[in-house]
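Reader: I am new to this structure and would like to learn how to read its features one at a time. Could you take me through some of them?

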Amino acid sequence: MSTWDNLRPVKTSLTGIKPTHLPHLGNYLGAIRPALSLVEEYRTLYFIADYHALTSVREAAALRGYIRDVAATWLACGLDPDRTLLYRQSDVPQVFELTWVLSCLLATGQLERGHAYKDAVARGEAPSAGLFNYPVLMAADILLYDTDVVPVGKDQKQHLELTRDVAQRLNHVYGEGTLVVPEALISEAPLVPGTDGEKMSKSRGNGIPLFAPPKKLRKVIMGIKTTSETLEDPKAAEGSTVYELYALVAPDRAPEMKKQLEAGGYGWGHAKQDLYEAIEAELGPKREAYLDIRADEPRLDAILHAGADRARAIADHTMARVRHAVGIE
Ligand code: TRP
């Protein structure tokens, strides 16, 4: 028996990662690093939400690549597949059975209030039924595995409320205890600024790549926007992108940088060089691991399939319970 099975009585934590882009430093500091620290406390399931990505990625080759980029990134950052179930959402088709059952219990009005859907309508777009139903698939992702807690960012809070609502409704209609009602573990994850000082995001194009070659990484860091004091001037550390990033990457050494900036005689160029070195120290070894794992797709796919085998076993249990409860079996 592997470590994961031995953790059984412990609470289960599950989260989904949408493979829509190559992960950047913001994903690492805001999601990957905190999620990996939960392994000590919870029985963890992390999955690649590839069917969710279809609401935005329309290029098959790109999606195929992102799925493996994301999986390899998490593995390179320290996810141990013996301790954490890592799998692809699409490898567990039971999730669609549960999606249907849940959708029969949800009012369309509740889905119409969904942030992503409402925003798309407000922008004058014609959102797909996929975007409309996105939260139902997400609820099924969670409820299929008897999840106790879901570590997510604030932007996912509404989805978690809907998940709890529909689980409670199903239990109320078909029998208490049929589904575990999960709780959101809203991360206090820091806002990670991008090169322009705004929140780092793929769509803004202000990302710091996670595993770019050192030369490229340095170039991006040297391009971070700063104020234009002279080298001698004292500088405000708080609120500056370079310092904020440094404080996230190397919290132990942040007070030192702060002192130097505030004293003057230490330029933004120096601070950027220190930031670059701190990032390189943390991510350099992980880059090596990433390139290694990413290059061996058969091995990567084997890890994902092994995770999916075990995920399907849990899913079968839940679906048997749900089918029986609703009268299908
Ligand atoms: N919607 C989440 C996001 O955009 C991704 C996701 C899909 C998810 N299914 C999930 C997160 C289940 C937590 C649990 O980030």
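Reader: Is Tyr51 buried, partly exposed or exposed?

Author: Before the answer, please keep in mind that this is a predicted model. Burial is read from relative accessible area, where under 20% means buried and over 50% means exposed. Tyr51 has a relative accessible area of 36%, so this residue is partly exposed. Tyr51 lies in helix H3, which covers residues 50-53, and together with Leu54 and Phe96 it forms a nonpolar patch on the surface, with about 270 Å² of accessible area for the three together.

Reader: Which residues does Leu137 touch, leaving aside those up to four places away in sequence?

Author: Leu137, whose place is in helix H8, touches Tyr51, His52, Gln89, Val95, Phe96 and Thr99, when residues up to four places away in sequence are not counted. Leu137 itself has a relative accessibility of 10%, and so it counts as buried. Sequence distance and spatial distance can also be read side by side: Leu137 and Ala49 are 88 residues apart in sequence, and their C-alpha atoms are 9.8 Å apart in space.

Reader: How is the chain divided into domains?

Author: A domain may be made of more than one stretch of the chain, as the bounds show here: domain 1 takes residues 4-192 and 297-326, while domain 2 takes residues 214-289. The contact between the two takes nine residues from domain 1 and eight residues from domain 2. The C-alpha centres of domain 1 and domain 2 lie 35 Å apart.

Reader: How much area do domain 1 and domain 2 bury between them?

Author: They bury about 740 Å² between them, and 73% of this is on carbon and sulfur atoms. On the side of domain 1, Leu25, Tyr28 and Ala76 supply 51% of the area that this domain buries against domain 2, which is more than any other three residues supply.

Reader: How many salt bridges does the rule find across the interface of domain 1 and domain 2?

Author: The general idea is that side chains of opposite charge can pair when their charged atoms come close. Across the interface of domain 1 and domain 2 the rule finds one salt bridge, whereas the count by this rule comes to 16 salt bridges. Arg33 lies in helix H2 and Glu282 in helix H13, so this pair ties together parts that are 249 residues apart in sequence. The side chains of Arg33 and Glu282 meet in a salt bridge at 3.3 Å, from N to O, and Arg33 is partly exposed, with a relative accessible area of 29%.

Reader: Where do Glu256 and Lys259 lie?

Author: Glu256 and Lys259 both lie in helix H12, three residues apart, which is about one turn of the helix. Glu256 forms a salt bridge with Lys259, and the closest N and O atoms are 3.9 Å apart. Glu256 is partly exposed, with a relative accessible area of 42%, whereas Lys259 is exposed, with a relative accessible area of 57%. Another salt bridge joins the side chains of Arg123 and Glu125, at 2.8 Å from N to O; of these two residues, Arg123 counts as exposed at 56% relative accessibility, and Glu125 counts as partly exposed at 43%.

Reader: Which residues are linked in a network of salt bridges?

Author: Salt bridges can also be read as a linked group, and Arg68, Asp69, Arg294, Glu297 and Asp301 are linked in such a network.

Definitions and conventions
Residues numbered from 1 in each chain as written. Predicted model: local features only at pLDDT ≥ 70, side-chain atom pairs only at ≥ 80, totals over all residues. Heavy atoms only, no water. Patch = residues over 30% accessible without salt bridge, like charges linked within 9 Å, V, L, I, M, F, W, Y side chains within 5 Å. Areas by Shrake-Rupley, 256 points an atom, 1.4 Å probe, with all protein chains shown as cover. Salt bridge = Lys/Arg side-chain N within 4 Å of Asp/Glu carboxyl O. Helix = DSSP H or I, 4+ residues; strand = E, 2+ residues; numbered from the N terminus. Buried < 20%, exposed > 50% of the residue type's maximum accessible area, 1.4 Å probe, protein only. Domains from an automatic or database assignment. Contact = heavy atoms within 4.5 Å. Buried area = accessible area lost by both parts, 1.4 Å probe.
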